[in-house]
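Work through the exercises below with the model open. Each task is followed by a solution in steps.

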Amino acid sequence: MTTKTFSIHRDRLVALRRSEAQRYLDSHPRSVALAGEDARHFLFGVPLHWMRDWPSPAALHVERAEGNRLWCADGHEYLDFCLGDTGAMFGHSPAPVARAIAAQASRGLTAMLPSTLSAEVGRLLSHCFGLPRWQLTLSASDANRFVLRWARAVTGRPKVLVFDGCYHGTVDDTLVDRGDDGRTRTRTSLLGQVHDLALGTVVVPFNDADAVRAALARGDVACVLTEPTLTNCGLVPARPGFLEAVQRACAEHGSLLVLDETHTLSSGWGGQGRLQGLRPDFIVVGKAVAGGLPCAVYGFSEPVNERMQAAKRAAPDGHSGIGTTLSANLLALAALHANLSEVMTPAAYDGMLATAALLERRLRETIAAAGAPWTVTRLGVRMELQFRADTPADARAARAAMDAPLEAALHLYLLNRALLVTPFHNMLLVAPQTTPADVEQLVRALAAFVAEVRA
Ligand SMILES: Cc1ncc(COP(=O)(O)O)c(C=O)c1O
């Protein structure tokens, strides 16, 4: 038997992207008109400039979103596997969160004071994530920024360690790359960064425990900040034992371990670190933690709590550089309370994980049937179609498998067939409302796309 080798017909891919762009323009006149109006007011014609990074020729304008469905200005209904790239992981506008927000909206939005719900929110956070002490912020970027400041304050050490390919939000210290010579470099894409970030940050490859140990042995690293699985350079899982080795190295060398669970919250209830039995000094959770309302949290252990109190008491009066006026506002506390108690529950995860397992299986069957040398890497309710035969072990391998023209064409093709996936590295999320029929619709469209572009 001869097996036909799989490859992409590049000319056909270019032609398909062009015809899909035209199809989008023809079928979305209202979004196109709104984009024209936006262009008069906004930088790059969008309220946040990244919104232009989607492959569609004009931004899709949202009319409303509910559960795992989204409706655009032209009245088309989409199955949403992007889910606000995690912010809406538990579905758009979960009913308990929407009710809590509506009830709180007429009772005060922000007061620079705790609310009658705050003690219960603290209890729910500890119950879910297993750490005793908490602080709230408006975004995961802020939470990471503040945790790095605390870590440096309590250890008195200047450096932080992150992994190549990491993303922890707009936190300058983490926006670094590892050069071919192994050195830490300020990320070249950063705008307006005039400082040499390598002075305060060391970058090593993920899954390289020896490199972590060598960096920590110098004694100047306040903390290691990592996602338990890298999710922002493509999904890169930790090898068995790697995170435990990092934890041991931290303990040995007096560095703190910070787990950013903002995306790895997809693993299951309590996040990946808890499921894996890790004992981080800090964790950070954002995006979906309050059901999609802007809010993030960071938690820490009792010994770290004591060191934070001592550091604050020892500092002169004045700005700490930690916190923002609207952080922990009344509305955020109400949304957090509703999400933690009624939405982000173990039962919700059970359903989502079952659907995600089905989606992974059906995607694998589809690419196997096409003979495509691709894989699916899954982290709980999140997964990625990766254009390589096996799961990558570090960011370099994940980057090498990226195929921007193929990704963009696939994204637009799916969008034109009422399927919304993340515009970055084929990421898919399953919501509590995602059904097996939704899975089949996606899988059928993927199979049709592959048939169109294969050589
Ligand atoms: C792992 C991780 N942490 C933190 C952030 C920052 O979240 P936000 O943009 O909501 O501040 C992101 C954003 O994508 C992220 O992927």
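The model is predicted: local features need pLDDT of at least 70, side-chain atom pairs count only at pLDDT 80 or more, and totals for chains, interfaces and linings use all residues. Residues are numbered from 1 along each chain as its sequence is written, and side-chain values use heavy atoms, with hydrogens and water left out.

**Exercise 1.** Describe how H3 packs against H10.

Step 1. Helices are DSSP runs (H or I, at least four residues), numbered from the N terminus. Axes are lines fitted to C-alpha atoms over the stretch in contact, with angles from 0 to 180 degrees between N-to-C directions.

Step 2. H3 (residues 95-105) and H10 (residues 330-343) have axes 8 Å apart, at an angle of about 155°. H3 is therefore roughly antiparallel to H10, a label for angles over 145 degrees.

Step 3. The crossing of H3 and H10 is right-handed, meaning that the near helix is turned clockwise from the far one by less than a right angle.

Step 4. Contact means heavy atoms within 4.5 Å. Among the contact residues are Pro96, Val97 and Ile101 of H3, and Leu330, Leu331 and Val343 of H10. By class, the contact of H3 with H10 has 11 nonpolar, two polar and two charged residues.

**Exercise 2.** What angle do the axes of H1 and H13 make, and which residues meet?

Step 1. The axes of H1 and H13 (residues 404-415) cross at roughly 35° and come within 9 Å. This crossing of H1 and H13 is left-handed.

Step 2. Residues of H1 including Leu13, Leu16 and Tyr24 meet residues of H13 including Leu406, Leu412 and Tyr413.

Note on methods:
Helix = DSSP H or I, 4+ residues; strand = E, 2+ residues; numbered from the N terminus. Parallel < 35°, antiparallel > 145°, perpendicular 65-115°, else oblique. Nonpolar A, V, L, I, M, F, W, Y, C, P; charged D, E, K, R; others polar.
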